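Subject: Structure for your review

Hello,

Please find the structure below. My notes on its cavities, pockets and aromatic contacts follow.

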Amino acid sequence: MQNIIHPNLEKNINDWFETKFNGFTLPFYSSVDLRNSGYKIAPIDANLFPAGFNNLSELSKTTAAKLVRSYFEKKRYKKILVIPENYTRNKIYIENVFAIEKILQLAGFETKTGLFHNEAYNSIEPYETVVKENSLLKTTSGFVPDVIVLNRDMTSHIPSVLENVKQEIVPSPLYGWHSRQKFKHFEIYQELASEFCSEFEIDPWLISVFTKSCNEVNFSDHSSRETVATKVNQVLSLIHKKYEEYEIKTQPYVFIKASNGTYGMGIITATSGDEILNLNKKKRHKMKKVKEGIKINSVIVQEGIPTIDVFERSPAEPLIYYIGNTPTCYLYRCNSRKTIYSSLNATDCEFHDISQVIENKTLSLWNVVSKLAVLALAVEMRSFHI
């Protein structure tokens, strides 16, 4: 795979990205999940409210702090308020919040973390209590931030406290999963990948995945499963043709994912439409709800990529964290209880910061495909303001 991005093209590729990013507001932070099969590599998810900053090494946190300082360079901000998820009894997530706070402090900002007044009871940590007065967010201790950093993906709705706020909020509450759809992101990514590949004479399939959407689904309803099964067979047919073209012997398969899913919830795999028609009770239940009890009524059917990456004898997949459009660190998500065909974003997965051990040739490839995903995020963000 490394050979499809020739080193001699590096300057031209960098120039292409610089031109394409021009005029777009960059995501404050984001993370991109990749899958690499050896014969192709592609983003399979992109997050605008990433967690997992507790998995960054101290060196990566320092790098992130420098990039945060650069991101806000033209602003005169001095104080930042972090507003995290309100399920604050998750200790691993809390470690992530503390890591974000540390990165912002390393960047030179006075930083506090707070929950809204009606959520403070749920905290097991001494977070500040956030209130709104005259369209300004502040804490009850008197801390008035210049900017608010959100680390909650708002699966169900935008909290009313975040509406009509004078301070800048990054990322915007508009980008929460209450309105984002995975299919929209991959539709934008596919257009950009096709444009990029046309410029550099690459088959777009090598850096993208076939994806179809399926709306108004209910996995408890047979006729609804028939609709999903048809889409599954359509995607499998497309994959099969590409496998024949490249003489790939692996059995084609797909992921079915909740279009507003997060934290690895609402995901199953299939190698035929019949598997969806005959879905067992456990899997039907899995495809019923995502975080915050939100019902699944829209899914994407996405080409599966078996992972070739292995770390400490476990199947692995790369995660690239960004500040703006610059990579901050490179992680492996590993899961010893899963196969190379599975979603690794599940219970018992582990994360390892591999930023200092991955060879440059691999990083160059990861950077190109993940930066295309970040560019797609920037395009997607703009669509919320049109």
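The model is predicted. I start with the second largest cavity, whose lining has 3 nonpolar, 1 polar and 3 charged residues by class. The residues around this second largest cavity are D45, A46, W177, R180, K182, H185 and F186. Its volume is about 30 Å³. Helix α4 provides the largest share of that lining, 3 residues, and both β2 (41-47) and α4 supply at least two residues each.

The search of the whole structure returned 2 cavities of 30 Å³ or more. The largest cavity has a volume of about 60 Å³. F28, Y29, F53, V68, I100, I103, L104, V149 and I323 line the largest cavity. By class, its lining comes to 9 nonpolar residues, with no polar and no charged ones. Helix α3 (residues 91-106) gives the most to the lining of the largest cavity, with 3 residues.

The largest pocket holds about 1,000 Å³ of space. Its lining consists of 45 residues, and Y263, G264, R333, N345 and F351 lie nearest its centre. Two or more residues of this lining come from each of β1 (29-36), β2, α3, β10 and β14 (314-323). The class breakdown for the largest pocket is 20 nonpolar, 14 polar and 11 charged residues.

For the second largest pocket, the space is about 490 Å³. It is lined by 24 residues, of which T25, L26, P27, F28 and Y71 are the closest to its centre. The elements giving two or more residues to this lining are α2 (58-71) and β8 (168-170). Its residues divide into 13 nonpolar, 7 polar and 4 charged.

On aromatic contacts in general, a pair of rings is described by the distance of the centres and the angle of the planes. With centres within 6.5 Å as the cut-off, the count comes to 23 aromatic pairs. One of them is F196 with F200: the centres are 4.8 Å apart and the planes stand at 50°, so the pair is tilted. The two residues are 4 apart in helix α4 (residues 182-200), which means that about one helical turn separates them. Both F196 and F200 are buried.

A second pair is W205 with Y246. Their ring centres are 5.4 Å apart and their planes are at 25°, so this pair is stacked. It links distant parts of the chain, 41 residues apart: W205 is in the loop between α4 and β9 (211-215), and Y246 is in the loop between α5 (222-245) and β10 (254-258). W205 has 3% relative accessibility and therefore counts as buried, whereas Y246, with a relative accessible area of 33%, is partly exposed.

Finally, there are two lysine-ring contacts to note. K257 lies over the face of F255, 5.7 Å from the ring centre. The charged end of K371 sits over the ring of F17, at 5.8 Å from its centre.

Regards

Key
Residues numbered from 1 in each chain as written. Predicted model: local features only at pLDDT ≥ 70, side-chain atom pairs only at ≥ 80, totals over all residues. Heavy atoms only, no water. Phe/Tyr/Trp six-rings, centres within 6.5 Å; stacked < 30°, edge-to-face > 60°. Buried < 20%, exposed > 50% of the residue type's maximum accessible area, 1.4 Å probe, protein only. Lys NZ or Arg CZ within 6 Å of the ring centre and 35° of its normal. 1 Å grid on protein atoms, 1.4 Å probe; cavity = no way out; pocket = protein on both sides within 12 Å on 5 of 7 lines; lining within 4 Å. Points joined across faces, edges and corners; volume = space filled by probe spheres on them. Nonpolar A, V, L, I, M, F, W, Y, C, P; charged D, E, K, R; others polar.
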